[in-house]
Amino acid sequence: MAIDDYWFKNAVIYCLNVATYMDCNGDGIGDFEGLSRRFDYLAALGVTCVWLQPFCCSPNRDNGYDISDYYGVTPRFGTSGDFVECMNTAQALGLRVVVDLVANHTSIDHPWFQAARADRKSPYRDWYVWADRRPRNHAQGTVFPPVQKTTWTRDRKAGQYYFHRFYDHQADLNTWNQAYREELYKIMGYWLQLGVSGFRMDAVPFLVEKKGANVKPAKDFALLQEMRRFLQWRARDAILLAEANVPANESMHYFGDEGDRLQMMLNFPVNQRLYYAFATHDPKPLKRALRDTIANIPRDAQWVQFLRSHDELDLGRLTEEQRAKVFQVFAPDATMQLYNRGIRRRLAPMLGNDRRRLELAYSLLFSLPGTPMIQYGDEIGMGEDLSLNEREATRTPMQWTGEPHGGFTSAKKSVLPVVDGGIFGYQKVNVNAQRRDPNSFMNWITRLIRVRKECMEISWGECEVIDCDADPVLVLVYRFRKAAMLSLHNFSDVAQSLHLKVRDKGGGRLIDLIGSEHSRAGPRGIHEIALDGYGYRWFRIGAVDETLSRAPY
Ligand code: NOJ
Ligand code: CA
């Protein structure tokens, strides 16, 4: 297979929710038609793959992650016809679309659950997880504490308790039931047939778990193999991307030793340590997480690196002391914290809207080994609204213009309020204003994406974390076939100077890929490289000329 067949390796992913992206029919809710009209914006930004958050029929009590019909689109966003039109527009622009696959649970409104609760003899009864008595450990393992207090809730109609890892309106499916698995493949097949390029799989660690009141903890990773096999039979180039917030050493179970399970995973271990490094200027735990996550991953597998997502910034896997330090810097106010472990803020406000730190963060994102993912609105530096509930704080509508509701809708009221006034209000932060300003953050990111796409070493190569003589600096070297690169990021506000011996068959010259300050090796082949406070540099190693684009792979 040619390198480019693995499109996901060198992709730029953009995550959005149709509800808050662009409202076209003026009812205050984003829709497929609105999104279709914004694909050209995304293509121009340099995005190659859009991850659409849930858009199926849903009572919408968890942002669409509570599905009541897997084969229908919610009428809030339009019709199935509008969805297909939307897919067609994306395809015409060369954009791939990956969609959420919420296979761990359904809404309790789903007809399967309704049938299951109404009749013990219903074939759907065993699609869910029941107990006559509430298990003693029912208060443990809730995902949204303290909002949600139990994982077992009594259903009067069923006369039993049902299990739910998330909110009580999201009943867990018994993923070990064969009939359910067959239905799941049908659902995958359905959306693949409509042209999606794969699935972002929700809650994978829970999906593979053996569930029940008295079962011994066990995980069935074979399910992931089955799903992958089915996927690839139907669509050779489709991918599965896992949401699995697990320690680095468990990721192998998800990728599979043979690379025969999921091709991609969101890199939670690195994400959490990135914020520790931003907060403390100390990249040591980040270095460890990078080394741990890149060690021995199967050749075809790929990490998805990200800064923020639509959820809280989950710091649950830092030590208590580390988490306290991050809270102190980025969420000093208790209202900014969530679920005893996370932060419900956007990136720009956390970094004090400081352009230097924002550039550092994005330069890192685009040079971390893997595929980068952007959260909608972060490319223009949007802020949050802490007056909204839980995670909704960071899910406000996209800010397109300086017009009312940021140009998101012409309705009087929008689905969630647009951030209005102040530093992050739509009047100041919007796409239109940034489009016209060559120095805007959005135009800076667009240029960075262009460079990133020309650096296949980052997405394909072997990455090595190098220790150097400046503690606050992260140095990464990437090698792929005949090409090699180097990136440096200074987490401190103080300028640094460091010394590096670079293995290089060329003339000892490092080509600056972002600026124009190339580096020449000094005596004994050692480079002395300077970085401003929060500075970053990308160099190509061993270049024959100043060519910035595709190295001779
Ligand atoms: C993970 C999703 O990212 C989150 O938004 C959702 O609430 C849970 N899974 C439950 O589906
Ligand atoms: Ca609408």
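Asp23 is buried, with a relative accessible area of 4%; buried here means under 20% relative accessible area, exposed over 50% and partly exposed in between, using a 1.4 Å probe and protein chains only. Asp31 also counts as buried, at 5% relative accessibility. Please keep in mind that this is a predicted model, in which local features need pLDDT of at least 70, side-chain atom pairs count only at pLDDT 80 or more, and totals for chains, interfaces and linings use all residues. Residues are numbered from 1 along each chain as its sequence is written, chains are lettered from A and ligands numbered from 1 in the order in which they are written, and side-chain values use heavy atoms, with hydrogens and water left out.

**A look at Asp27**
- Asp27 sits in the loop between strand S1 (13-16) and helix H1 (32-36); helices (H or I, at least four residues) and strands (E, at least two) are DSSP runs, numbered from the N terminus.
- With a relative accessible area of 38%, Asp27 is partly exposed.
- Leaving aside residues up to four places away in sequence, Asp27 touches Arg76 and Ala411, where contact means heavy atoms within 4.5 Å.

**Ligand 1**
- Among the residues around ligand 1 are Asp62, Arg200, Asp202, Glu243 and His310, each having a heavy atom within 4 Å of the ligand.
- A polar side-chain atom of Asp62 is 2.6 Å from an oxygen atom of ligand 1; for Asp202 the corresponding distance is 2.7 Å, and for Arg200 it is 3.0 Å.
- Of the 300 Å² of accessible area that ligand 1 has on its own, the protein covers 98%, by the Shrake-Rupley method with a 1.4 Å probe.

**Helix H15**
- The 13 residues of helix H15 (residues 441-453) should span 18 Å at 1.5 Å a residue, and the end C-alpha atoms are 18 Å apart, which agrees; the expected span is 1.5 Å times one less than the number of residues.
- Buried residues of H15 include Phe441, Trp444, Leu448 and Arg452.
- The buried residues of H15 pack against several elements, including helix H2 (39-45), helix H13 (355-367) and strand S26 (536-541).

Methods: A polar contact is a pair of N or O atoms within 3.5 Å; within protein, one must be able to donate a hydrogen and the other to accept it, and residues adjacent in sequence count only if both atoms are side-chain atoms.
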